[in-house]
Amino acid sequence: MRYFVEQVASGAAILDANGDGNLDVFFPQPKALGACKGKIHEKLRSRLYLGDGKGHFTLAKDPFGGVETDYGIAAAVGDFDNDGRPDLYVCCFGKNKLFHNNGDGTFKDVTAKAGVEVGGFSTGAVWFDYDGDGLLDLYVLRYCEWSVETDIPCLGPNGERDNCSPHIYTPARNRLFHNNGNGTFTDVTAKAGVSPEPRRSLGVAAIDIDGDGKLDLFVANDLGPNYLMHNKGDGTFEDIGMQQGVSVGADGHHQANMGVAVGDYNNTGRPSVLVTTFANEPFTLYRNEGGFFTDVSEEVGIAAPTKPYLAFGTGFLDTRNSGRLDLFFANGHVSPFAYLKNSMYTYKERNQLLILGDTGIYSEAKEALPKDDVRIHRGAVFGDFDNDGRTDILVTATDDRPTLMRNKTEGGNWLTLKLTSANGCCTPIGTKCTATFKGRKLTRWEIGGGSYGGDSDQRVHFGLGNADKVDELEIKWMSGKVQTLKDVKVNQILSIKEPKP
């Protein structure tokens, strides 16, 4: 039996659950559905693994007080009550859950009190403060109107059960919840205009796309135009994706957009956006030109190596601490019979790492990743699990174990920033950080969301090459306050708190 929901599988989320300064990992767990119930003997439940800061993990015992989620797909990390502890929102097929962090590695289910129990088929979420009141709001992705009862059996070229095209199910509408500041939220979806029409959303990132001091939303939509929801600053949003050139592919057609990566790969101080797509559609890099975007996938060398693959998770990361942002893709097809449709395709695929060269062109580093990791990959999250200043990669896969790839690249100095806002929020999404060193200037953000199915390490990382110090570090907080530090030492995790007024 193969149900439609199973093709998206589950992601993962990185957070410091117990406040010890080390990164932990949460895995939302799917459940047996319909005819599959009773055939799986292992009890399936979400899992939290506590890290020791040296790259080793221990499975937490009952961190959620016996509360289980429905069919888990994704998770979003954010300190919604500004108590300095990251909370966890779990997206499911069924009903979503909000878990409040108790501060000791355990969590309390506060979904009912908060009023964020979204039902149906949710594929992701992002925390971000859209109205500038110092409180994180919640945007929830929904994919389509599907249930076990309405499941349609689709057949592959060989007559066996295959995954259906999303076209046969009605798209769903995303939801926006405003944080009231008292542990409750109000659904402001219609008022804010964040979901003007239902679409099949899979990836989301919150970022100030135009530098006006307000957080916008980029949403990757499957088989439909992407959203670029511009924050108008009055509590409402406007979709400007088509005008900005990020809604469709280079040929003007809708793509099967899945994962999202955001980063300033060309050092302009502006965030560009990449989306992963279906096989035979090149992954697409939209370069931010400061008022509009240009599809530069061919120009920068991304199109050709990615065209044969299908990817969900993705991210910009500085794998070599060189000051240049490379690209990772978690590849895996959705059809077991892909090879019958095109001999170039396989169900299980290898992942890809594309390295950014001195000339601004990406090239594939095939030897950088484990050769035997050929699976149906889905989620990808990024973080420095052993606190050695090198970004590691965690990838999930359908019906298989996750893979943690520890970065062993030699050389390159670094600086990692752990930020806290003036009101105590330990996940100040949107904070812009600029490092100046040896005549270079790099910009990084604390990005909300990104990739697919989870959240990465929300500390801000700079690769510095052979620089022995950062001459100037500028922190632009979402409050508008600018903080400047001089002669910052390299190779350290630096905690910075926004000064109070």
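Two residues are in contact, or touch, when they have heavy atoms within 4.5 Å of each other. Leaving aside residues up to four places away in sequence, Trp-146 touches Tyr-3, Phe-4, Val-5, Leu-33, Phe-93, Phe-121, Asp-151 and Tyr-169.

A word on what you are looking at: this is a predicted model, in which local features need pLDDT of at least 70 and side-chain atom pairs count only at pLDDT 80 or more, while totals for chains, interfaces and linings use all residues. Residues are numbered from 1 along each chain as its sequence is written, and side-chain values use heavy atoms, with hydrogens and water left out.

A nonpolar core is a set of buried Ala, Val, Leu, Ile, Met, Phe, Trp, Tyr and Cys residues joined through side-chain atoms within 4.5 Å, where buried means under 20% relative accessible area with a 1.4 Å probe, protein chains only. The largest such core has 58 residues, and those with the most contacts inside it are Tyr-89, Phe-121, Phe-128, Tyr-139 and Trp-146. Among the strands (DSSP runs of E, at least two residues, numbered from the N terminus), β9 (119-128) and β6 (87-95) are two that each supply at least two residues of this core. The most comes from β9, with five residues. Apart from this core lies another, of 19 residues, including Phe-462 and Leu-464.

A cavity is a set of points on a 1 Å grid over the protein atoms alone where a 1.4 Å probe fits but cannot get out, and its lining residues have an atom within 4 Å of a point. Points are joined across faces, edges and corners, and the volume is the space filled by probe spheres set on them. The whole structure holds two cavities of 30 Å³ or more.

The largest cavity has a volume of about 600 Å³. Its lining has 33 residues, with Phe-316, Trp-445, Ile-447, Asp-457 and Arg-459 the closest to its centre. Strands giving two or more residues to this lining include β23 (311-317) and β36 (460-465).

The second largest cavity contains about 80 Å³ of space. Of its 15 lining residues, Ala-125, Val-204, Gly-450, Gly-453 and Gly-454 lie nearest its centre. Here β5, β9 and β15 each give two or more residues.

Finally, visit Thr-391, in the loop between β29 (377-383) and β30 (392-397). Thr-391 counts as buried because its relative accessibility is 11%.

Note on methods. Helix = DSSP H or I, 4+ residues; strand = E, 2+ residues; numbered from the N terminus. Buried < 20%, exposed > 50% of the residue type's maximum accessible area, 1.4 Å probe, protein only. 1 Å grid on protein atoms, 1.4 Å probe; cavity = no way out; pocket = protein on both sides within 12 Å on 5 of 7 lines; lining within 4 Å.
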